[in-house]
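Trainee: I would like to go through this model with you, starting with its pocket and moving on to its salt bridges. Can we look at the structure together?

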Amino acid sequence: MSEGSTIFDVQRVSKVYHTRSRHAHAVTALNDVTFSVGEGDSMAIVGESGSGKSTLSRLLLALEAPTSGTVSYRGQVISGRDERELRDFRRRVQIVFQDPMSSLDPHMKVHDLLAEPLRALKIEADEGERVRELLTSVEMPVSSANRYAHQFSGGQRQRIAIARALGPSPEVLIADEPVSALDVSVRAQILNLLTELVHDFNLTLVFISHDMAVVRHLCMSIVVLYRGNLIEMGKTEELFASPREDYTKELLAAAPRIRAVRATRGVPGREA
């Protein structure tokens, strides 16, 4: 864990969904989860499908409220706040989704995709200059601004999605399975890019994943979820060296080795 100040403090959080079918019943997505994310940390939240990872990411983003417990950001409880109160929070905490095509409007050019968060959050900036800076930061040619997202490869679209998330100059980046849909060589390049951006922009990273090999490549600490319960957490190398829980051991045993491919900066038009 980082020794800096606490960014997120999750205290005894549970989330229960009630189905609306004829046979209504309650589904517990998270159960009494407690952990914190330190400033400058890169923390992975790992677990198989249905473990509660995506639910937890929505709570961290204040898109949903916990059924019980609290989620605090820099000491302020964020659940239950209205959107006006959350405007500054929305600028400071951004997300990169698994599938960039679901978050990038196909009818908008890249310039407008990158400028849209600035407009929505009322951030004063020279749009043209900011878009050029963002494209350069993710190693895309500035001419990309005049094209549509569907004209790019999957890896390039994810670079654009990352640039969009960086637009408001956040301090926290939540990445929800951002490379799981990419092939292995492109995946490594995007991971290396994320590593560089986290360092260059002094970001705190929350990385949602089921892939322990990817997590080891990128993250300093790990939270393991199993059926909505936090069953293990710790520093990445310590957990890899000596996992306590059988479920964590199974995740580690299933993890392939990922080869770190150091991307060449500033080369326009490459596949990734």
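Trainee: Which residues lie nearest the centre of the largest pocket?
Mentor: Keep in mind that this is a predicted model. The largest pocket is lined by 16 residues. Those nearest its centre are Gln 94, Ile 95, Phe 97, Pro 117 and Arg 164.

Trainee: Which element gives the largest share of the lining of the largest pocket?
Mentor: Three elements each supply at least two residues: strand S6 (93–96), helix H4 (110–120) and H6. The largest share is four residues. Its source is S6.

Trainee: How do the residues of that lining divide into nonpolar, polar and charged?
Mentor: The pocket in question has a volume of about 420 Å³. Its lining divides into three charged residues, two polar and eleven nonpolar.

Trainee: Now the salt bridges. How many are there?
Mentor: The rule asks for a side-chain nitrogen of Lys or Arg within 4 Å of a carboxyl oxygen of Asp or Glu. By this rule the count is 18.

Trainee: How many residues apart in sequence are the parts that Lys 15 and Glu 64 tie together?
Mentor: Lys 15 and Glu 64 form a salt bridge, with their closest N and O atoms 3.9 Å apart. Lys 15 lies in strand S1 (residues 6–18), while Glu 64 is in the loop between helix H1 (53–60) and strand S4 (68–73), so the pair ties together parts separated in sequence by 49 residues.

Trainee: Is Lys 15 buried or exposed?
Mentor: Buried means under 20% relative accessible area. Lys 15 has 12% relative accessibility, so Lys 15 counts as buried.

Trainee: What is the N to O distance between Arg 58 and Glu 64?
Mentor: Glu 64 is partly exposed, at 23% relative accessible area. Arg 58 is partly exposed too, at 28%. Their side chains meet in a salt bridge, N to O, at 2.7 Å.

Trainee: Where in the chain do Glu 171 and Arg 92 sit?
Mentor: Glu 171 and Arg 92 form a salt bridge, with the closest N and O atoms 3.7 Å apart. The pair links distant parts of the chain, 79 residues apart. Glu 171 sits in the loop between helix H6 (154–166) and strand S7 (172–176), and Arg 92 in helix H2 (residues 87–92).

Trainee: Which residues do salt bridges that share partners join into one network?
Mentor: Start from Glu 171, buried at 17% relative accessible area. Arg 92 is partly exposed at 26%. Both belong to one network, whose members are Glu 39, Arg 74, Asp 88, Arg 91, Arg 92 and Glu 171.

Note on methods. Residues numbered from 1 in each chain as written. Predicted model: local features only at pLDDT ≥ 70, side-chain atom pairs only at ≥ 80, totals over all residues. Heavy atoms only, no water. Buried < 20%, exposed > 50% of the residue type's maximum accessible area, 1.4 Å probe, protein only. 1 Å grid on protein atoms, 1.4 Å probe; cavity = no way out; pocket = protein on both sides within 12 Å on 5 of 7 lines; lining within 4 Å. Points joined across faces, edges and corners; volume = space filled by probe spheres on them. Nonpolar A, V, L, I, M, F, W, Y, C, P; charged D, E, K, R; others polar.
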